[in-house]
Amino acid sequence: MKVTGATLPFLPFCQRLLPSRLAGFSLALLKATALEITILAGHLLLYPSGITQERRAAPVSPLPTPDDGDDGPAQLPTQAKPPVVLLHGFIDNRSVFVLLRRNLAQHGRQQIESLNYSPLTCDVRTAAALLGRHIEEICERTGSKQVDIVGHSLGGLIARYYVQRLGGDFRVRTLVTLGTPHSGTRVVPLANAHPIVRQMRPSSELIEELTGPAPGCRTHFVSFWSDLDHLMDPLETACVDHPDLISQSVRVSGIGHLALPVHPAVATGIRQVLDTEQTPAEATADSGGLTVA
């Protein structure tokens with residue numbers, strides 16, 4: 001799978017000016033930056049539509065199996081896929097998942113929930129406890145025992161804390177994170193005035209807490225990270241690296257932080273992860289083997 005941005009009309013001119021290897025990197029960065037700006041502009045237009053929590057639709061019942069009479073053996077109903085919970089990043093809302101939600105729905109996911117947490121949230125632990133209450137409500141309403149979660153940036157860190165520290169591995173089958181600073185990020189030091197940004201720094205109390213033992217954690221973690229993510233410093237912080245966790249990392253080439261929940265190739269990768277059931281041994285053996293390049 002290859003993730004790229006749109007071709008820009010002035011790229012041939014840039015290629016003539018720059019040495020080939022330097023040009024390749026610079027042009028990739030240029031295309032990724034142009035795509036980020038375009039996505040940011042579109043997201044600003046959609047942002048007001050996602051400020052409020054979404055309306056909870058009634059659960060969709062699976063379609064009845066046609067009665068074939070005596071023409072053949074009766075077909076057993078297929079097992080319903082668990083609901084997908086989408087959790088946005090810092091100073092954002094559920095509107096960031098408009099395209100991903102549509103993509104999942106078009107490929108058979110009938111129960112998709114986009115959750116908002118307050119932009120005034122100052123503690124990952126508090127947000128994780130609130131997420132846990134939301135998930136209990138979703139399971140009760142849908143009759144599902146488990147959910148899958150897709151978390152972008154800070155949303156992935158909140159979901160990981162819920163899974164790893166609040167017993168959420170009982171409810172969360174698969175946690176997909178997109179550009180989440182699992183080991184902390186050093187970007188934008190001046191943002192330390194915000195408490196939740198300080199929690200996302202390397203060696204913060206929260207990050208140290210997540211490095212602690214997590215024996216028997218049942219959730220399958222899949223972390224998508226980009227080689228051009230300007231908010232991850234170092235880039236590898238977006239990978240889950242913990243000896244007790246069942247985890248895989250997916251490298252995405254050629255796009256930035258904002259494109260991760262939007263790009264169709266990433267959406268395809270997310271669908272493949274959610275639709276593939278693996279045993280813990282299989283997931284561990286395949287760790288690092290999923291690549292978008």
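L100, N103 and L104 of helix α3 meet A267, I270 and R271 of helix α8, where contact means heavy atoms within 4.5 Å, and helices are DSSP runs (H or I, at least four residues; strands are E, at least two) numbered from the N terminus. This is a predicted model, in which local features need pLDDT of at least 70 and side-chain atom pairs count only at pLDDT 80 or more, while totals for chains, interfaces and linings use all residues. Residues are numbered from 1 along each chain as its sequence is written, and side-chain values use heavy atoms, with hydrogens and water left out.

The axes of α3 (residues 98-106) and α8 (residues 264-275) come within 10 Å and cross at roughly 50 degrees, the axes being lines fitted to C-alpha atoms over the stretch in contact, with angles from 0 to 180 degrees between N-to-C directions. That makes α3 oblique to α8, since angles under 35 degrees count as roughly parallel, over 145 as roughly antiparallel, 65 to 115 as roughly perpendicular and the rest as oblique.

Turning to α4 (residues 124-142) and α5 (residues 154-165), these pack at about 75 degrees with axes 8 Å apart, which makes α4 roughly perpendicular to α5. Among the residues making this contact are L131 and I135 of α4 and L154 and I158 of α5.

Those four are also among the residues with the most contacts inside the largest nonpolar core, which has 33 residues; such a core is a set of buried Ala, Val, Leu, Ile, Met, Phe, Trp, Tyr and Cys residues joined through side-chain atoms within 4.5 Å, buried meaning under 20% relative accessible area (1.4 Å probe, protein chains only).

Technical notes
Buried < 20%, exposed > 50% of the residue type's maximum accessible area, 1.4 Å probe, protein only.
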